[in-house]
Amino acid sequence: SNCSSYRGEASSYRAIIGVKAKWHQQHFLRLIAEVKYTGENIIREYCDDPFARMAYMGDERFNLGYKRHTGLWHDVYENISLDECVHALRSDGCFQI
């Protein structure tokens, strides 16, 4: 789900309170930001916002992508190791939440 749909009309404060991993389908691992909103007119206080996807390609290799503002996924790394995925998640601005 898109967390922006949970905000009310008035300004609110968004805080990332955690990150979790969740399998989606048979070979996708999504990294999900757990978001809490505070402020006036909040429709829903908490929501999950997927921000990265690791697609298992076989032989311990992954494609790594981020979720665009359009809701579509875009792979920026292909056929990389798990260690390379972790490094990219920590250092590449595409994955900042």
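## An aromatic pair

Rings of Phe, Tyr and Trp count as a pair if their centres lie within 6.5 Å, and planes over 60 degrees apart make the pair edge-to-face. With that in mind, let's look at this structure, which is a predicted model. How many aromatic pairs does a search of the whole structure find? The search turns up 1 aromatic pair.

The partners are Tyr-56 and Phe-62, with ring centres 5.4 Å apart. Their planes meet at 65 degrees, so the pair is edge-to-face. Are these two residues buried or partly exposed? Phe-62 is buried, with a relative accessible area of 13%, whereas Tyr-56 counts as partly exposed at 36% relative accessibility.

## Two salt bridges

Now for the charged side chains. Side chains of opposite charge can pair when their charged atoms come close. A search of the whole structure finds 2 salt bridges.

One of them joins the side chains of Asp-75 and Arg-53, at 3.4 Å from N to O. This pair links distant parts of the chain: Asp-75 sits in strand β5 (residues 73–80) and Arg-53 in strand β3 (residues 46–58), 22 residues apart. Asp-75 counts as partly exposed because its relative accessibility is 26%, while Arg-53, at 14%, counts as buried. The cut-off behind this is simple: buried means under 20% relative accessible area.

In the other salt bridge, Arg-61 meets Glu-84, and the closest N and O atoms are 3.8 Å apart. Arg-61 belongs to strand β4 (residues 61–67) and Glu-84 to helix α1 (residues 82–91), so this pair ties together parts that are 23 residues apart in sequence. Arg-61 is partly exposed at 26% relative accessibility, and Glu-84 is partly exposed too, with a relative accessible area of 40%.

## The nonpolar core

Next, turn to the nonpolar residues. The largest nonpolar core has 16 residues. Which of them touch the most other members? They are Val-35, Phe-51, Ala-52, Met-54, Leu-64, Cys-85 and Phe-95.

Several elements build this core: β2 (28–39), β3, β4 and α1 each supply at least two residues. Strand β2 gives the most, with 5 residues.

## A look at Cys-85

Cys-85 is one of the core residues that touch the most other members, and you can find its partners in the structure above. What is Cys-85 in contact with, leaving aside its neighbours within four places in sequence? Its contacts are Met-54, Phe-62, Leu-64 and Ile-80.

Key:
Residues numbered from 1 in each chain as written. Predicted model: local features only at pLDDT ≥ 70, side-chain atom pairs only at ≥ 80, totals over all residues. Heavy atoms only, no water. Salt bridge = Lys/Arg side-chain N within 4 Å of Asp/Glu carboxyl O. Helix = DSSP H or I, 4+ residues; strand = E, 2+ residues; numbered from the N terminus. Buried < 20%, exposed > 50% of the residue type's maximum accessible area, 1.4 Å probe, protein only. Core = buried A, V, L, I, M, F, W, Y, C linked by side-chain atoms within 4.5 Å. Contact = heavy atoms within 4.5 Å. Phe/Tyr/Trp six-rings, centres within 6.5 Å; stacked < 30°, edge-to-face > 60°.
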